[in-house]
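Work through these exercises with the model open beside you. Try each task before you read its solution.

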Amino acid sequence: MHDSPRSRYIFSATMAAVAFIVVFLPCRARVAADFPTGLDALLAGVALVVLAYFSWKQRKRMEEAREAQEALAASERRYRTIFENTGAATVILEADTTISLANEEFARLVGYERMEIEGRRSWTEFVAPEDLEEMRIRHRERRREPSQAPTRYEFRLVDRRGDLRSILLYIDIIPGTDQSVASLVDVTDLKEARDLAREREAMFRALAENSEDVIMRFDDRHRHLYANPAVERQTGIKPEAFIGKTHRELGFPEHLVKLWDDALEKVFKDKTSHRLEFQLPSGVWIDWLVVPELDPAGNVKAVMASARDISERRQAEEELRRSERRFRDLFEHSLDPICIHDLEGRIISINPAGAAILGRKRRDIVGRKVSDFLIPSHAADFERLYMNALRKKGCASGVMSILTDTGERRILEYNNILQKEDREDPVVRGIIRDVTDRWKTQKELEKSERKYRSIFERAAEGIFQYDRNGRFISVNNAMARMCGYASPEEMTASVVDMSRQFFVNADLPERFRAILADARRVDNFEHKVYRRDGQAFWVSMSVWSVPDAQGEVSHYEGTMMDISGRVRAEEERRRLEHDLARSQKLEAIGTLAGGVAHDFNNLLMGIQGYASLMLMGIDPSHPHWGHLKGIEKQVANGADLTKQILGFAREGGYEKRPTDMNPLIDKTTLIFMRTRKDVAVHRASPPGLWTVEADPGQMERVLMNLFVNAGQAMPGGGELRIVAENVFIDDDAPVGDLAAGKYIHIAITDTGVGMSRQTMARIFDPFFTTKVMGRGTGLGLAAVYGIVKGHGGEVLVESEPGRGSTFHIYLPATGETAVAVVEAAGEPRIEGGTERILLVDDEETVLAVSRDILESLGYRVSAARSGPEALEIMAAEGDEIALVILDMIMPGMSGGETFDRLRRIAPHLKIILSSGYSLEGQAQQIMDRGCNGFLQKPFHVDRLARKIREALGKAA
């Protein structure tokens with residue numbers, strides 16, 4: 001029966017009613033009989049009071065019971081809320097391990113619904129099999145000796161999926177019952193973190209203990225709390241000696257102690273890391289990093305410090321600074337351009353060589369893009385491809401075309417690398433090389449290379465193997481073809497003894513074997529071998545020995561190249577070197593001959609001048625008139641001789657004009673035929689012979705010298721064949737040193753005695769002759785050589801003793817129309833004048849005779865023996881002087897310098913240049929600067945008079 005407030009109330013009322021019936025009614029009956037009616041009423045009132053008391057008492061009990069029941073319900077709700085929301089998985093366990101109650105956290109932990117757990121599952125179902133027996137033992141202990149059983153321990157829980165979780169269990173008996181309450185805390189992550197922390201602590205301790213860097217820990221009084229073993233290597237003090245002591249107490253120098261204390265104080269105060277570098281008394285440089293160690297409240301509880309030996313780094317930095325200085329020197333003084341730009345192609349820096357090649361100042365280059373200096377048609381593609389290569393590969397190389405400030409195109413080869421600077425942005429460093437000349441040469445070579453590419457692409461070197469007995473094991477196709485065999489098999493089958501059938505020098509295999517025993521290989525050994533037909537040819541051979549597994553020689557291998565062409569080329573090179581030496585010798589002799597001719601012309605000028613003066617003063621009927629004319633003729637012969645000498649020296653008086661060589665050949669041939677009727681002349685020439693730029697007089701001299709030379713080679717008569725033709729010379733068939741182009745070719749062939757090789761080697765040497773003494777000057781062929789070379793042509797000769805000779809003349813053709821030569825008829829008319837002429841010449845005789853001639857022509861003359869003297873006269877008489885006749889070769893101030901300074905004084909002054917040399921070289925340079933005429937010594941009075949009037953531009 002339940003002891004509820006309602007039941008207790010009903011029970012009290014019932015008892016009150018019974019009491020009333022049992023007590024009050026009998027008493028009332030008795031009293032009613034014995035007492036009066038008033039007593040009746042009293043008894044009734046007492047009964048009512050008793051009844052009311054019992055009713056009140058019962059109601060009070062019922063209210064107390066209701067309040068207690070409500071308090072119990074509230075307590076139950078409170079504890080149920082705590083049970084459900086405690087945050088930990090919680091269960092109530094019965095004595096038989098059944099789970100009678102489980103909260104939602106436990107349900108989530110094991111992966112079941114609560115209805116699947118409560119009253120349905122045993123506690124042991126969630127315990128890992130390895131921990132089950134221990135859990136049962138503790139369950140029994142808890143019920144047998146509750147005070148002795150542990151209330152906190154760990155075990156492994158198995159959830160619905162079979163996963164294991166590490167659990168910290170809090171469990172105890174509920175007082176007055178045999179039930180247990182258990183709280184489960186999932187410490188899987190915590191345990192892993194704790195294990196990781198222990199692992200890391202062990203790792204960091206191992207690192208600290210084995211670190212090369214010094215690691216320390218300090219308290220707020222700068223005392224050492226920890227020092228790792230590395231401290232002993234740097235200071236010589238054991239780590240344990242540091243503990244509890246400051247740096248000052250350890251006896252470190254005061255300036256270091258202050259440095260360290262300031263750093264520690266700064267970290268404790270500012271709660272920030274601090275870094276400094278210093279040098280120990282031992283000379284070791286230290287990088288000291290000090291880091292605050294904060295507690296949970298953010299206060300510095302200690303300071304950690306690491307000290308690293310940076311002596312090597314400091315040394316490297318110093319070396320880097322020296323290297324940077326060296327780089328800067330290299331950068332500034334390099335002959336090759338060096339440029340630095342960013343990834344946008346904008347130039348950051350460029351050295352003087354780079355600025356020079358662009359023809360700009362550095363300040364005008366820096367800040368501009370590389371593409372600004374490229375040929376416009378290449379700029380866009382270059383920037384795209386070049387920058388992509390740098391970004392993807394970190395480097396770029398190739399060639400680019402630029403335009404200098406003068407508009408000149410230059411080809412530059414670059415090799416650039418992307419590098420990280422101290423700043424964050426990378427830069428590109430590049431070294432540039434001007435390969436314009438090489439590129440041009442390469443382009444020329446490519447023309448030739450294309451013609452032979454198909455051959456070269458199929459070319460391969462020979463590869464072979466032979467055994468220790470000197471017999472081929474195998475050869476490749478190139479080797480077989482090189483040696484004249486149809487196939488490799490034919491060669492290996494045919495050559496059974498290399499010493500006899502392959503090597504021209506039979507002892508080479510033994511020599512190779514001896515060398516290979518020591519050096520293991522022979523490289524680029526040049527010798528001769530036999531082809532299949534027995535012909536020997538030069539090869540370059542490399543041979544090496546191949547060892548077997550025991551290290552002994554198994555066989556020999558090698559490569560072979562046919563170098564016959566190279567050997568021939570070396571012979572040709574030696575021949576060309578000989579020709580070059582000969583050419584240099586001719587140049588030297590020519591220089592000497594030119595100087596002699598110049599001085600001789602000055603002598604002839606004096607003779608010609610005095611003869612002219614005498615002829616001007618006498619009548620043709622005078623008996624000395626003929627003698628004087630004879631002197632002039634001899635002067636002309638002497639001048640002709642000097643022209644030959646100057647022709648050899650390539651300083652002849654060339655008056656070039658477009659010339660048709662056919663009339664010259666016909667004219668010269670006709671003259672020769674009149675003198676040598678015993679020589680049959682055959683002439684062949686096409687009607688459309690190309691025009692050449694030549695001096696007709698000099699060309700006549702060339703032809704006549706060759707005809708005379710041919711006639712002297714045929715003392716008893718013979719045949720002379722002259723052939724002229726148009727030819728085109730290209731790179732496939734070069735002629736001497738001539739460039740490719742259009743030429744006319746004149747071949748002069750005789751049937752004379754011919755020449756030996758020794759004679760042919762010297763025929764163009766000046767003063768060399770095969771004639772007897774006094775029968776020849778030895779200048780004829782030398783002059784031919786000099787004149788033809790002076791016209792940009794080439795002279796070649798072919799001859800054999802007893803088979804005659806052929807001289808080949810090549811002259812460059814021009815597309816201009818030939819200029820007809822009109823010869824003047826009769827005696828020239830000599831014109832004079834009255835103007836003042838300044839005559840400048842360092843030769844006393846030439847100056848005197850020229851002055852007399854000019855004065856005889858009516859001119860007023862001022863004479864100067866040097867350039868400075870001429871300038872003084874010009875300064876004094878400049879307004880009167882109408883014309884200057886200026887010698888080109890003078891000591892001190894040259895004719896060219898005198899010309900320039902005279903023109904600065906009087907820009908419109910008329911000047912005629914005079915020289916014993918020709919109009920070539922220096923004279924032509926002065927003429928190109930605006931000279932009004934040229935007189936080559938010795939000159940006749942009529943030529944002088946005509947040149948003066950032409951320069952002054954008017955009649956006297």
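**Exercise 1.** Which residue in S15 does Cys339 stand opposite?

*Solution.* Start with the ground rules. This is a predicted model, where local features need pLDDT of at least 70, side-chain atom pairs count only at pLDDT 80 or more, and totals for chains, interfaces and linings use all residues. Residues are numbered from 1 along each chain as its sequence is written, and side-chain values use heavy atoms, with hydrogens and water left out.

Helices (H or I, at least four residues) and strands (E, at least two) are DSSP runs, numbered from the N terminus. Now find strand S11 at residues 338-342 and strand S15 at residues 426-434. They pair in the antiparallel sense over five bridges. Two strands count as paired if DSSP finds at least two bridges between them. Look across from Cys339: Gly430 in S15 stands opposite.

**Exercise 2.** Give the strand order of the open sheet of five strands, then find the strands at its edges.

*Solution.* Step one: the order is S12-S11-S15-S14-S13, with antiparallel pairing. Step two: strand S12 (347-350) and strand S13 (395-403) each have a single partner strand, so one side of each is left without a neighbour in the sheet. These two stand at the edges. Step three: neighbouring strands are turned by 25° against each other on average, direction ignored.

Helix H11 (residues 376-393) lies across S11, S13, strand S14 (409-420) and S15. H11 runs at about 165° to S13. Axes are lines fitted to C-alpha atoms, for helices over the stretch in contact, and angles run from 0 to 180 degrees between N-to-C directions.

**Exercise 3.** How do helices H19 and H20 cross, and what kinds of residue make the contact?

*Solution.* The axes of H19 (residues 661-675) and H20 (residues 696-712) come within 10 Å and cross at roughly 40°. That makes H19 oblique to H20. Under 35 degrees counts as roughly parallel, over 145 as roughly antiparallel, 65 to 115 as roughly perpendicular, and the rest as oblique. The crossing is right-handed; that is, the near helix is turned clockwise from the far one by less than a right angle.

Contact means heavy atoms within 4.5 Å. H19 contributes residues including Leu664, Ile671 and Phe672, and H20 residues including Met699, Leu703 and Phe707. The residues of the contact divide into eleven nonpolar, three polar and two charged. Ala, Val, Leu, Ile, Met, Phe, Trp, Tyr, Cys and Pro count as nonpolar, Asp, Glu, Lys and Arg as charged, and the others, Gly among them, as polar.

**Exercise 4.** Is Leu944 buried or exposed?

*Solution.* Leu944 lies in helix H27 (residues 941-952). Its relative accessible area is 2%, so Leu944 is buried. Buried means under 20%, exposed over 50%, and partly exposed in between (1.4 Å probe, protein chains only). Leaving aside neighbours within four places in sequence, Leu944 is in contact with Ile853, Leu854, Ile885, Leu935 and Phe939.
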